[in-house]
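Here is a short walk through one protein model. Keep the sequence and the 3D view open while reading.

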Amino acid sequence: IGIRVDGGRAMGLDTSRVTGGVALALGPRPAFGAGRSIDRLDLDAYFPVAAGGGGGQGSSADAAGDVAADDVVAGVAQLLDTFDANLDLRVGRLTYRGRDLGDLRLDGTLQAGVLTLRDLLIGDFAEGTLRLSGVFHDLAGPTPRVDDGRLSVSVPEPARLARLLDLNAESPLSRLEGLQLDSRLAGSLAAFTFDGNLVALGGEIAAAGSVSGLPAAFALGDGRVEARGVSGQRLAAVIGLPADSPVARLGTLGLDGRLSGDLDAVQVDGTLRALEGVFSARGQIAAPTGEAPSVYLTVGGEHPDAAALTRSLLGESAVNPGAGALTLTGKLTGTPAHLSLADLDGRIGPTVLRGTLALDSSGPRPKLTAQLSGGDLPLDLFVGSGGGGGAGAPDARWSRQPFDSAPLRALDAE
């Protein structure tokens, strides 16, 4: 480490130029106040290179990659517990693990191991900004915690943030077109509460709740989510679904939901508004993160136009235009490959349908099994867009238009 003094209040530290002042109070617990400005600071140069790591010129990123991030954080945390300080720092550019952050500003107080961070601003964070504040306790202990933590992130190109976090190009974060996050946090890494607002996917998403049991387990308490103006097409792209998937066809959607549970089972109660309809689900999802989660849900739905709904979701409809509104309730159970809708009570226009539907999509072609009963079943409601005599031919016993069988080729049925 090389230190040089240029005169006045300017000082050089290796390749960094430091300006400002420091007031130092010596005693059993040292304390100082610092108002300093540093043009650039390369942290990678101050951490050791692991055995076998690159050490030549231009190997800063390789050297940084050999240093575990948690070891660095632990070392800094232990250091902060040895002194008190009042800090007002500015850093033009900071390099860490081969990544550059620009325009850093820190305003805070360190007292008896408690860091009161009034404001930490990174003005150039993956071409966006990051702002953090809060009161941090037990920084050198096993479970650091924060009171009144506030985090704000605004990134116009999240793919840059994904690269900064070493995420691959196929990660959901990389697929976002932009994001703005404002959140509040309190607690530790083992248990915390959160309340945040995310602007992304063409709309706005608010979420709140509590998380506990980490890192060995996970439990979510009183989780709440509210989404407005979210684009189904953007959502499908982010989670890796095709552009013609039912999710992508949802258009602009809204969601109100409550969630609670753990990795074994999650209780859900939600309402989705999309495609001019309202759809609800309430119950339990077992093994939500497993390969074959199981659902036990009471579901319902209302839509003013059954034909328009099925056409929007599937691209084609086996229900004739003008069939009428759709309403239904039932109990949805099973896994994604084997779903059953029991206690079905539905209506398409004047037609009542009751019974059970089962969908088996485990084979090469989906198979739908239906056991339905109801009143009169006018077949011209279900012959597709080409069927039915229409209002212009009230005396015709049969339609002269060809039967559109395309919807029937999509699956087997009995």
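E7 and strand E8, which spans residues 128-137, pair in the antiparallel sense over seven bridges. The model that shows this pairing is predicted. Within the pair, Leu121 has Arg131 in E8 as its bridge partner. The two strands form a hairpin with two residues between them. Ala126 in that hairpin takes a positive phi near 50 degrees.

E7 also has a partner in E6. The pairing of E6 and E7 is antiparallel too, over nine bridges. Here Leu106 stands opposite Leu120 in E7. E6 and E7 form a hairpin as well, with two residues between the strands. In its turn, Ala112 has a positive phi of about 55 degrees.

Now step back to the whole chain. The protein has six helices and 22 strands. It counts 414 residues, of which 29% are buried. Among contacts with a separation of 6 or more, 40% join residues 24 or more positions apart. The accessible surface comes to about 23,700 Å². Carbon and sulfur atoms hold 58% of that surface.

Next, the interior. In soluble globular proteins, nonpolar side chains tend to be buried together. The largest nonpolar core in this model has 36 residues. Phe125, Leu161, Leu176 and Leu201 have the most contacts inside it. Several elements each supply at least two residues of this core, including strand E4 (31-42), strand E5 (84-96), E6 (99-111) and E7 (114-125). Strand E9 (145-155) and strand E13 (219-231) are also among them. Helix H3 (158-164) and helix H6 (306-314) contribute in the same way, with at least two residues each.

Most residues other than glycine have a negative phi, and most peptide bonds are trans. Leu201 is not a glycine, yet its phi is positive, at about 60 degrees. It sits in the loop between strand E11 (192-200) and strand E12 (203-212). Is Leu201 buried or exposed? Its relative accessibility is 13%, so it counts as buried, the cut-off being under 20%.

Glu276 also has a positive phi, near 70 degrees, in a residue other than glycine. Its place is the loop between strand E15 (265-274) and strand E16 (277-286). Glu276 has 72% relative accessibility and therefore counts as exposed.

Leu214 and Pro215 are joined by a cis peptide bond, with omega about 0 degrees. Pro215 is found in the loop between E12 and E13.

Last come the aromatic rings. A pair of them is described by the distance of the centres and the angle of the planes. With centres within 6.5 Å as the rule, the count comes to two aromatic pairs. Why is the pair of Phe192 and Phe194 tilted? The ring centres are 6.5 Å apart and the planes stand at 55 degrees, so the pair is tilted. Planes over 60 degrees apart would count as edge-to-face, and planes under 30 as stacked. Phe192 is partly exposed, with a relative accessible area of 26%. Phe194 is partly exposed as well, at 24%.

Notes
Residues numbered from 1 in each chain as written. Predicted model: local features only at pLDDT ≥ 70, side-chain atom pairs only at ≥ 80, totals over all residues. Heavy atoms only, no water. Phe/Tyr/Trp six-rings, centres within 6.5 Å; stacked < 30°, edge-to-face > 60°. Buried < 20%, exposed > 50% of the residue type's maximum accessible area, 1.4 Å probe, protein only. Core = buried A, V, L, I, M, F, W, Y, C linked by side-chain atoms within 4.5 Å. Helix = DSSP H or I, 4+ residues; strand = E, 2+ residues; numbered from the N terminus. Pairing = 2+ DSSP bridges. Contact = heavy atoms within 4.5 Å. Areas by Shrake-Rupley, 256 points an atom, 1.4 Å probe, with all protein chains shown as cover.
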